[in-house]
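Please keep the sequence and the 3D view open while you read.

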Amino acid sequence: MDKNKQRKFIFRKQAALLLTGALLAGFLPMGTGMKSWAAEQPTLRNPCILKTTQEVAPGSSEKKELKNPTMENGITTWDCIWFGNYWQEDTNGDGKADKNDEKTPIKWRVLSVEGDDVFLLADKNMDCQMYNDTETDVTWETCTMRSWLNGYGAKMNRDGKDYSDNNFLDNAFSTGEQSAIKTTNVVNDDNMEYSIEGGNDTLDKVFLLSIDEVVSSEYGFTYSNDDTNTRLAVNTAYTATGGEIGGEYMSNAGREDSWWLRSPGDGSIYASFVDELSPGCVNADGSIVDTYHAARPALHLNLSSVSSWSYAGTVPSDDVAEWDCIWFGNYWQEDTNGDGKADKKDEKTPIKWRVLSVEGDDVFLLADKNLDAQRYNDANTAVAWETCTMRSWLNGYGAEANQEEKDYRDNNFFNSAFSEEEQSAIKMTNVVNDDNPEYSTEGGRDTSDKVYLLSIAEVTKTEYGFTFSGSCTNTRQAVNTAYTAAGGEIGSEYMSNAGREDSWWLRSPGYRSDSASCVYYHGNVIGLFIDVDDSYRAARPALHLNLSSAPGWSYAGTVTSDKKAEDPGTPTPTGSPSPTEPGSTQKPQETVALGIPFQPGISTTPTPGISPAPGKVTVGKVPALKLKQKKGTVTASWKRNTRAKGYQICYSTSKKWKNKKLKLTAKNKAVIKNLKKKKNYYFRVRAYRLEGTKKVYGAWSSVKKIKIKK
C-alpha cells in the first residue's frame, strides 16, 4: 500500500472510531452528522483549462529535435515550426487583412520526421481558393490550385492560366527557403468510395493532403472520415476576408472553415474536402471544383539545408479541462443484480456531477455521464423548452406543463434520483431560453425549473470548462451509463454502449421549432434535422445546489476532458427513493457498516469505485436507409449506429430475396455497381457487433425499392 493510500485508510479508520465513540456516548445525535461532515468536504473549485497551445515566438528558440505527433486519450499533440511568411493579419490597423499588410511567419504542424526530412502541414487555413477556376473535369494534375500553389505556367492546368508571376510559393518563401523545400512525388489515388480516378502522380513542392493522408493516425489524425477535432483548422484574418480571390462567405478569423483535399469527389467536377459543417469530417462526395474553400498547404522540408526555420512549440487538437466533482443523489446506472441488463430491477448507485461553477454556497452541476435515454418531446411537433415533455419528465410536472398533456408526477427523474431532503437543497433556477444563435429559431419563454438541460450558450462557455466553439471537443463529450446504453426510460434501441460517448440533448431549439439542438458524440454542437421525438439521444441533467443545506453530498475527486480521473471511490448510496418505487419521496435511509450510520465521504463499500460489468447490449435496427443512383450504380446510405462494428447490405431483384447478394462494410454507406438497367432492386441493411470473432447481427432495416434508369 503506497503512502497516500495508507494515510487515507488510517484517516477513515480513525474517523470511524471517533464517530462510533461519539454515538455510543450520546454526544452526537443520530442524523445530525451529515451537514457537519459536508462542511468538512474539500473546497470546490471552478473548472480550469490545464493545457493550451504552447507557442514559442518566431526566432526566440534554438533549433530543437522535432518529434512525430503523439496521440493520447483522443488528443493529438504536434510539434510546430516557423518557416516562411505570408499575409495573415491586419498589421497596418486599417481594419482589413489584405496584401497591404506585412507578411507574418507561417506556423506549420510537423506530421512526420524522418532524418532531415520533415513533413509539414499549415497550422491554419492560409488562403481562400477554388480547386479549379472553372467548373470543368479536372484532376489534381490539371487543376488551377496546383498551379497557383507552385507557380506553374499556363500549360500545366486545363484552364490555361499562368501563375508564374503570382503564386503561393513565391509569395511565402525566399529563394533560399524554396531550395530547401523538397520536390515530392505526389501520389494521386482514386476516390475509393466512388471509384473516381485521381489522375497521374505529380512532382510538386507544395500540395494538398489526400483523403488517405488526412485519415492517417501516423500523422496525428483520427483513422476515420467521421467528425474529429484532429482535422479542424481555423482561418487567418486574411483568409477570412476572402484571401487571394476575394471569396465570399468564409468563416471569421479564428473560426474553423472547410479546406480542400487533392483527392477527387464523387465525379470529375468535384473535389474532396474537410468539412466544417460536420466538423473535421472528410467529405468524400466533394464540392464542385469552382467552390470557395480554404487552402491549407503541405510540403516536405529538408531541415539541414535551411537556417531560417525555428521551433514554434506544440499544438494540441483540443484543450484539456478539469472539473471538480461531487456525489449527490442516486439513479439506475449499472447492472447491480448480475442479470445481464441494467434496468429498474437494479439498485440505484450514486450520481457523479461535474462542478461547472461555484459562487458561495451555490454550485452549478452537470451530470458526469449521460444518465438516461429520453426524447426531447414525445411527439414530432413544434415545441420550446417550456412546453416539451423532457422538461416535465425531468421535474415531475403534470399534464398542464407540456404540449402533449402527459402527466409525469408519478414517474420522473426528480423523484427517482433525489430524496425529499435532497430535493429541498436543489435551487429553483430562472432558466433563460435564448433563440438559436445560428438559425434564430425562437427559444420560447424563460422558465423556473429545478432540473434542466444546458443551452448552446452554456455548453460553449469557457468559464464552465467548454471550448468556445460549436466544433468537436473532448470538453463536451459524455459517456453512457449501462442503464442509458440499454435504452433507459424509453427503451431506445439506438444508444451507444456503456462507457462510450453518445449524443445528448440541449434545451436550445434546432433550425426549426420541431427540432432541438444536441451535443454530438464527438463533442460538436448540432441543430440540423434533429427531430424533437428522436429516440437515440441521451439526457444529461444540470441543476443548482445549495451546498450548505444539501444532505449526503460528498467530494468525488476530479475528471478531465482527456478522460483522466482522480476518484476517491464511489460512496454507498444515500437515502434516495427505492429502486422499486420510482415515485417515492421517502426519508433518507441509513446504511450501516460496523455499526456506524452512513456518513458522506466515508465509503462503506467493500471495493470502492468498482462497479459490476455491464450486460451485453443488442446492436439495434438500422434506421433511415436512403438510395441514390447514377449510371447503373446505387449508393446506399443510412444513419450511423454507434454500437455497430460494421454493416451488411443485402440487395436483390426479387421481393422474396431470391438470388440475393450480400456485402459487408465498415462505413454507413455502400456503393453497388453494374446493376441492370430498367430493373427494380430491393435493398435492406443491418448492423452487426462482434463477440470475439463472431458477428452478431441486428434486425434488418425497412426495405427500399429503386428502379435503375436507362
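Contact means heavy atoms within 4.5 Å. Among contacts in the chain between residues at least 6 apart in sequence, 66% join residues at least 24 apart.

This is a predicted model, where local features need pLDDT of at least 70, side-chain atom pairs count only at pLDDT 80 or more, and totals for chains, interfaces and linings use all residues. Residues are numbered from 1 along each chain as its sequence is written, and side-chain values use heavy atoms, with hydrogens and water left out.

**Overall make-up**

The chain holds 12 helices and 40 strands. Both are DSSP runs numbered from the N terminus: helices are H or I of at least four residues, strands E of at least two. Of the 710 residues in the chain, 55% are buried. Buried means under 20% relative accessible area, exposed means over 50%, and partly exposed lies in between (1.4 Å probe, protein chains only).

**Aromatic rings**

Rings of Phe, Tyr and Trp (its six-membered ring) pair if their centres lie within 6.5 Å; planes under 30 degrees apart are stacked, over 60 edge-to-face, and the rest tilted. The count by this rule is 33 aromatic pairs. W332 and Y483 form a tilted pair, because their ring centres are 6.0 Å apart and their planes stand at 40 degrees. W332 belongs to strand β17 (residues 320–332) and Y483 to helix α12 (residues 482–485), so the pair ties together parts that are 151 residues apart in sequence. W332 is buried at 1% relative accessible area. Y483 is buried too, at 2%. Both belong to a cluster linked by ring pairs, together with F328, Y331, W353, W393, F413, F414 and F418.

**Charges over rings**

A charge sits over a ring if NZ of Lys or CZ of Arg is within 6 Å of the ring centre and within 35 degrees of the ring normal. Two cases follow.

| Charged residue | Ring | Distance from ring centre |
|---|---|---|
| K63 | W309 | 5.2 Å |
| R109 | W78 | 4.6 Å |

**Two buried loop residues**

R109 turns up again beside D123. D123 is in the loop between β6 (117–122) and β7 (127–129). Its relative accessible area is 10%, so D123 counts as buried. Not counting residues up to four places away in sequence, D123 touches K107, W108, R109, A233, R296 and V315.

V206 sits in the loop between β10 (202–204) and α6 (211–214). V206 is buried, with a relative accessible area of 0%. Its contacts, leaving aside neighbours within four places in sequence, are W140, L149, N150, F168, L169, P297 and A298.

**Cavities**

On a 1 Å grid over the protein atoms alone, a cavity is a set of points where a 1.4 Å probe fits but cannot get out; lining residues have an atom within 4 Å of a point. Grid points are joined across faces, edges and corners, and a volume is the space filled by probe spheres set on the points. How many cavities of 30 Å³ or more does the whole structure have? The search finds four. The largest cavity has about 50 Å³ of space. It is lined by 13 residues, and the closest to its centre are Y131, V138, T139, P264 and Y270. β11 (259–264) and β12 (270–275) each supply at least two lining residues. β11 gives the most, with three.

Definitions and conventions
On a 1 Å grid over the protein atoms alone, a cavity is a set of points where a 1.4 Å probe fits but cannot get out, and a pocket is an open set with protein on both sides within 12 Å along at least five of seven lines; lining residues have an atom within 4 Å of a point.
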